[in-house]
Amino acid sequence: VSSVNAATFQVDSTLDATDDNIGNGLCDDGSGNCTLRAAIQEANATPEADTITFAIAGAGPHTITLLDFLPDITTP
């Protein structure tokens, strides 16, 4: 029996890319970026109460332009 701990996914990109490997516990679009879409996908892949934070470099405000609707948040 394995135990999965809650994770914190830190969004660092304004891109709207999907996660490269959903369920591996890493928010990464394949280019080293953690996008909001990828963070939601990773958080949804576990039953734990994950946290999504933002740390986008540069002066804000920052805008994330979505290419499609974000996935529903289906887990805590």
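1. The torsion about the S-S bond of C27 and C34 is about 95°, so the disulfide is right-handed. The model is predicted, and the torsion about this S-S bond is a computed value for that model.

2. The sulfur atoms of C27 and C34 lie 2.1 Å apart. The cut-off for calling a disulfide is 2.5 Å, so the pair C27 and C34 qualifies as one. A search of the whole structure returns one disulfide. In general, such a link is a covalent bond between the sulfur atoms of two cysteines.

3. Are C27 and C34 buried or exposed? Both are buried. Across the protein chain, buried residues account for 29% of the 76 residues.

4. Secondary structure is brief to list. The protein chain has one helix and two strands. Their order along the sequence is β-α-β.

5. What is the radius of gyration of the protein chain? It is 12 Å. A compact globule of 76 residues would have a value near 11 Å, so the protein chain agrees with that expectation. Along the principal axes, the C-alpha atoms of the protein chain fill a box of roughly 45 × 25 × 20 Å.

6. Contacts come next. Take those in the protein chain with a separation of 6 or more: 54% of them join residues 24 or more positions apart.

7. Last, the surface. The protein chain exposes about 4800 Å². Carbon and sulfur atoms supply 53% of that area.

Note on methods: Residues are numbered from 1 along each chain as its sequence is written. This is a predicted model: local features need pLDDT of at least 70, side-chain atom pairs count only at pLDDT 80 or more; totals for chains, interfaces and linings use all residues. Side-chain values use heavy atoms; hydrogens and water are left out. Helices (H or I, at least four residues) and strands (E, at least two) are DSSP runs, numbered from the N terminus. The radius of gyration is taken over C-alpha atoms; the globule rule is 2.2 Å times the number of residues to the power 0.38. Buried means under 20% relative accessible area, exposed over 50%, partly exposed in between (1.4 Å probe, protein chains only). Contact means heavy atoms within 4.5 Å. Accessible areas come from the Shrake-Rupley method with a 1.4 Å probe; for residues, only the protein chains shown count as cover.
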